[in-house]
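Please take a moment to look over the sequence and the model shown below, and then follow the paragraphs after them step by step.

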Amino acid sequence: MADASIGLWTVPLAVFGGAIRVSTPFLFVSLGECITERSGRINLGLEGTLVMGAMSAYGISYLSGSPWLGVLAAGLTGAMLGALHAGICSLPRVNDIAVGIALMLFGTGLAFFLGKPLIEPTAPRLPAIDFGWWSNIPQLKAALRINVLFLFGVALAPVLYWAFRTTRWGLLIRTAGESSDAARAMGHSVLLIRLRATMVGGFLAGIGGSFLSLFYPGSWNEGLSSGQGITAVALVIFARWDPMLCLWASLAFGGAAALGPALQSVGVTFGYHLFNAAPYFLTLAIMIITCSPKRTLTGAPAELSITR
Amino acid sequence: MTSEVADSVEAAAAAPTGFLGRHGATIEYILIPGAALAGALVVFGIFVALFGKNPLDLYFYMYQGAFGTWFSWQNTLTRAAPLILTALCTALPAQLGMVIIGGEGALLIGALSATSMALAMPSAPPLAVQFAMAAAGMTGGGLWIMLSGGLRQYRGVNETISSLLLVYVALAILNHLVEGPMRDPASLNKPSTREIGAANMIGSIPGTEVHWGLVFGVIAAIACYVLIYHTTFGFAARVAGGNIRAAKIVGLSVGNLILTICFLAGSCAGLAGMVEVAAVQGRTNANLAAGYGFTGILVAFLARQNPLAVIPVAILIGGIGASGGLLQRRLGLPDASVLVLQGIIFVFVLASDALYGRIGFLKGKP
């Protein structure tokens, strides 16, 4: 009876496993949004991008039989939505926050429309790597079945951190975000930099969506995303636009989101819905603690409309 | 001094004359959103044509389902009622330059508060119950959005994100209560609270199937319009929305303005929740999260945040929602097609913001 032997350890173990499993979409969306926001624009539409990514990944995976093609399709869909956002935002006097809200509704609606025939069929899922082969405790084995996308995301965070600091592209994005005049004076088109940054951001958010439909929970339905996209956007703010902090924050969020199901698995049914809302409470609490009306946040790109 | 007067007289004489000159701005406010709407309909027609449906059929059935018959008119108006109220939840804070998108949360909290109030006074006369429900719904929804406003004012938390996060918190609270402490043991498949009782329902406007919520909505929209454009308070709010530093210099209490406006905005959405309970559902359950709060955002933006313009726009968007059923039955389009169309309209309306002041013939110049 391996079950009985670990007893209450089930909960922290499930939270740990959940942190890895649930955090992946948060991680990809927040890294993508980090790039976009560093260039001086906010894309609230990533919630819609996430859902569109989930739908297109599932559809392409079902039609082609290859989940990795699905991931690619999700990324491309996300990049297209990002291009749409950037294109509308580059018109004069258009508010990027409002466009984000519009694309959130548009992306979700379009995904539900196109995804109607996909609710029934089962698409091939993404494989997982079994890091728990050495253990014979089933819960530990389950927690250590880690998806490859998660590893990509974990590797991407330090790469982005490095890229922002040292590469030419990182510097250009940061210049556009800190002072569009400076970027223009250097002879670069701010709109073009932001277009690319938003497209890359959308690409990553789309991949985050593909994780939802192709690995965990691992099916397509209309209740798949309940605000993960928007939570991830908020997460970037208190991660101070730092990719490494985005990684830690995503893990914390994943753990918080896994708390409800974990408690339910050991028989604590009270407040199931409240525990499920833990990531939202956590986001609000952290925003309340870290924001201040007196100063702009340290590390905030100066051109960002949300902090002005 | 005299030269200034002379200048102003000259300026008045040089001011644009003729119909277009005087009403150019007003025409612009109607023409540009109208063109955006038409553009969105064309794009949606092309989108539907890609799925092998005839766009002309689409427009015909949309018209039929929204405004074609008395039955569809009533359906449209019933849907417009909560949309007017939730749109005000976005339009009022917009006067202060705030973007609040959490109307759905205030609607849910308003519905919960109103239901709790009705269940707490089982033997009171219906009219008293209805008043108490409206008061409770408005207070609950108002405090909910005021929370976002307070966080913005005192902690600098972005109100757009906090109000949206609070939607999910409100949904969690609602699910927790209707599946736990407030659950009616008789509701097996769909966990719900107990019913508020048929006597306490607010009923329909005589001669129609449209409930009184529409009247509440219209009154609220007119009241908001008067408040914003014809009172000192509304003027102060618009000053603060235009230039917050100027508002502080002339001694306006921006914090109080934010909290009051947010409370009023939330109470509109809370009233929508009360109306949905007292006129449609009769109880609180997850059905209430039908997306009226999110569609209200679209209505507010399409109405350019003008409380009075919210009324016709809500009827128009309500009509699109009402036609969804007919599109599903006659053309075999999924129910989400309404969401797609709303999304396209939203995108077009925002993109059309770039056109203001750029249409040559409206400036009164050759």
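Of the 308 residues that make up chain A, 55% count as buried. The model is a predicted one, and every value quoted here is computed from its atoms. The secondary structure of chain A amounts to 14 helices and 2 strands, and along its principal axes the C-alpha trace of the chain spans about 70 × 45 × 35 Å. Why can this chain be compared with a compact globule? A compact globule of 308 residues would have a radius of gyration near 19 Å, and chain A, with 20 Å, agrees with that value. If one takes the contacts in chain A with a separation of 6 or more, 78% of them are accounted for by residues 24 or more positions apart.

The C-alpha atoms of chain B fill a box of roughly 80 × 60 × 40 Å along the principal axes, and buried residues make up 51% of the chain. Among the contacts in chain B with a separation of 6 or more, 77% are accounted for by residues 24 or more positions apart.

Leaving aside neighbours within four places in sequence, R38(A) is in contact with F164(A), I173(A), R174(A), G177(A), W241(A) and P301(A). S265(A), by contrast, lies in helix 12, residues 243-265, and counts as exposed because it has 12 C-beta neighbours inside 10 Å, where 12 or fewer is the limit. Although S265(A) and W9(A) are 256 residues apart along the chain, their C-alpha atoms are separated by 12 Å. S265(A) also touches T10(A) and A14(A), when residues up to four places away in sequence are not counted.

In chain A, a cis peptide bond joins Y216(A) and P217(A), with omega about 0 degrees, and P217(A) lies in the loop between helix 10 (190-214) and helix 11 (228-238). R240(A), found in the loop between helix 11 and helix 12 of chain A, has a positive phi of about 55 degrees although it is not a glycine. With 15 C-beta neighbours inside 10 Å, R240(A) counts as partly exposed. In chain B, R304(B) also has a positive phi, near 50 degrees, and is a residue other than glycine; R304(B) lies in the loop between helix 12 and helix 13 (310-331) of that chain. R304(B) is partly exposed, with 17 other C-beta atoms within 10 Å.

Where do the chains meet, and how many residues does each give? The contact takes 38 residues from chain B and 39 residues from chain A. On the side of chain B that touches chain A, helix 6 (126-155), helix 7 (159-179), helix 12 (292-302) and helix 14 (337-351) each supply at least two residues, and helix 7 gives the most, with 11 residues. The residues on this side of chain B divide into 25 nonpolar, 10 polar and 3 charged.

Finally, consider the interior. In soluble globular proteins, nonpolar side chains tend to be buried together. The largest nonpolar core here has 222 residues, and I84(B), L88(B), V299(B), V310(B) and A314(B) touch the most other members. Helix 11 of chain B, residues 254-281, gives the most to this core, with 17 residues. Not counting residues up to four places away in sequence, V310(B) touches I84(B), A87(B), L88(B), A91(B), A221(B), V299(B), A300(B) and A303(B).

Definitions and conventions
Residues are numbered from 1 along each chain as its sequence is written. Chains are lettered from A and ligands numbered from 1 in the order in which they are written. A nonpolar core is a set of buried Ala, Val, Leu, Ile, Met, Phe, Trp, Tyr and Cys residues joined through C-beta atoms within 7 Å. A residue is buried if 20 or more other C-beta atoms lie within 10 Å of its own, exposed if 12 or fewer, and partly exposed in between; C-beta atoms are placed from the backbone. Helices (H or I, at least four residues) and strands (E, at least two) are DSSP runs, numbered from the N terminus. Two residues are in contact if their C-beta atoms, placed from the backbone, lie within 7 Å. Ala, Val, Leu, Ile, Met, Phe, Trp, Tyr, Cys and Pro count as nonpolar, Asp, Glu, Lys and Arg as charged, and the others, Gly among them, as polar. The radius of gyration is taken over C-alpha atoms; the globule rule is 2.2 Å times the number of residues to the power 0.38.
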